[in-house]
Amino acid sequence: LFLQMKFDKEGNTTYFEKKKTELYQELGLQARDLRFQHVMSIATRSNRIIMRMEFLKAVITPEFLLILDYRNLSLEHWLLNELASQLAGEGQLVTYSLPFEFRAIEAILQYWISKLQGRLNTLQPQILETLEALVDPKLLSVDRSKLHILLQNGKSLSELETDVKVFKETILEILDEEEVIEELCLSKWTDPQVFEESTSGIDHAEEMELLLENYYRQAEDLLNEARELRVLIDDSESIIFINLDSHRNVMMRLNLQLTMGTFSVSLFGLIGVAFGMNLESSLEEDPRIFWLMTGIMFLGSGLIWRRLLSFLGRHLDPPLPPQVPAVLKKSHPGAAGRVEIKTNLKGETFGLSRSTLPNQ
């Protein structure tokens, strides 16, 4: 049995259950047309429009709108509180002056694009708040709970991008086929008055095309916002890795400096080891030897440590930019209009512009 909700032109709503065989025979459709598929598609069969928006499945005729298997919490709320008034002319639709199928199609497309926009509006502040907490350069480590939240939000953002792309492609397939756009205008082939209007200059197919293009542009804008958010996540991840690498390098350099200091002290500590072997010599009789040896150990350890730090600085600090040759600082005499190369190239990485090189 199919649980169905039926809306007529005046917004009246009826609920009923019907077998699948009875339903497709009554609508003049095939059994495959009412097959439940979690895909997005808009097709015409026997002067009927069949719209599938994942869990939203609808059949549109010139007289009524039929929603199949509407047992979904968010969908049921929209059906009961908004759709009926929209079809009756009390909403924000722009197709009230056009036949009923225009209002039905616009109401469904408006619901779906608003649902996608709502998902993005929910994800965006969460992602921005998480990124702001993660890219702080003062942090020496990354909060794993924040990374877990960012991973979940990134996955939800990828699913949203996929849904928006499918929505765009579905509309684009219709916009590329003029015959399909003509078939979507159901009243043009059943209502003589509408047919006369179409022949007298009111092109309903053009109105349908403009309607679909409007929601195609909205989907394109929504996808651009999602892409910008994706780029922001990727850039923030790069900043996080740079900060972590910077802190890791500082710790490694500090560890290396301490290791060199320990090596320096241990090297000259051998003198103290030699005097502590309980072997007699004439040196221990002189009271000045203790202070002399102690001074030599501290002085030698300090000199070796400073030497090692100097060696470390020469090999780890970034090199200075190369000097600009003196030949490039002069402009050729007698060449009017040629551009002189400036000497402040240290801030650029050999950044000669394309407009300068030909003039040289």
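User: How many salt bridges does the structure hold, and what makes a pair of side chains count as one?
Analyst: The structure holds three salt bridges, each being a side-chain nitrogen of Lys or Arg within 4 Å of a carboxyl oxygen of Asp or Glu. The model is predicted: local features need pLDDT of at least 70 and side-chain atom pairs count only at pLDDT 80 or more, whereas totals for chains, interfaces and linings use all residues. Residues are numbered from 1 along each chain as its sequence is written, and side-chain values use heavy atoms, leaving out hydrogens and water.

User: Why is the contact between lysine 18 and glutamate 26 called a salt bridge?
Analyst: The N to O distance between the side chains of lysine 18 and glutamate 26 is 2.4 Å, and this value meets the salt-bridge cut-off, so the name applies.

User: What makes aspartate 163 and arginine 119 a salt bridge, and which parts does the pair tie together?
Analyst: The closest N and O atoms of aspartate 163 and arginine 119 are 2.8 Å apart, and they form a salt bridge. Aspartate 163 lies in helix H4 (residues 144-175) and arginine 119 in helix H3 (residues 100-134), so the pair ties together parts 44 residues apart in sequence. Helices here are DSSP runs of H or I with at least four residues, strands are runs of E with at least two, and both are numbered from the N terminus. Aspartate 163, with a relative accessible area of 16%, is buried, whereas arginine 119, at 28%, counts as partly exposed.

User: How do you know that glutamate 220 and lysine 168 meet in a salt bridge, and where do they lie?
Analyst: Their side chains come to 2.3 Å, N to O, and meet in a salt bridge. Glutamate 220 belongs to helix H8 and lysine 168 to helix H4, so the pair links parts that are 52 residues apart in sequence. Glutamate 220 is partly exposed at 23% relative accessible area, while lysine 168 is buried at 13%.

User: What makes strand S6 (residues 64-68) mostly covered?
Analyst: Five of the five residues of S6 are buried; on one side these are Phe64, Leu66 and Leu68, and on the other Leu65 and Ile67, which leaves both faces covered.

User: How do you know which strands pair with S6?
Analyst: Two strands pair if DSSP finds at least two bridges between them. Strand S1 (residues 2-8) and S6 have five bridges in the antiparallel sense, with leucine 68 as the bridge partner of glutamine 4. Strand S5 (residues 56-60) is joined to S6 by four bridges, also antiparallel, and valine 59 stands opposite leucine 66. A hairpin through three residues joins S5 to S6.

How values were computed. Buried means under 20% relative accessible area, exposed over 50%, partly exposed in between (1.4 Å probe, protein chains only).
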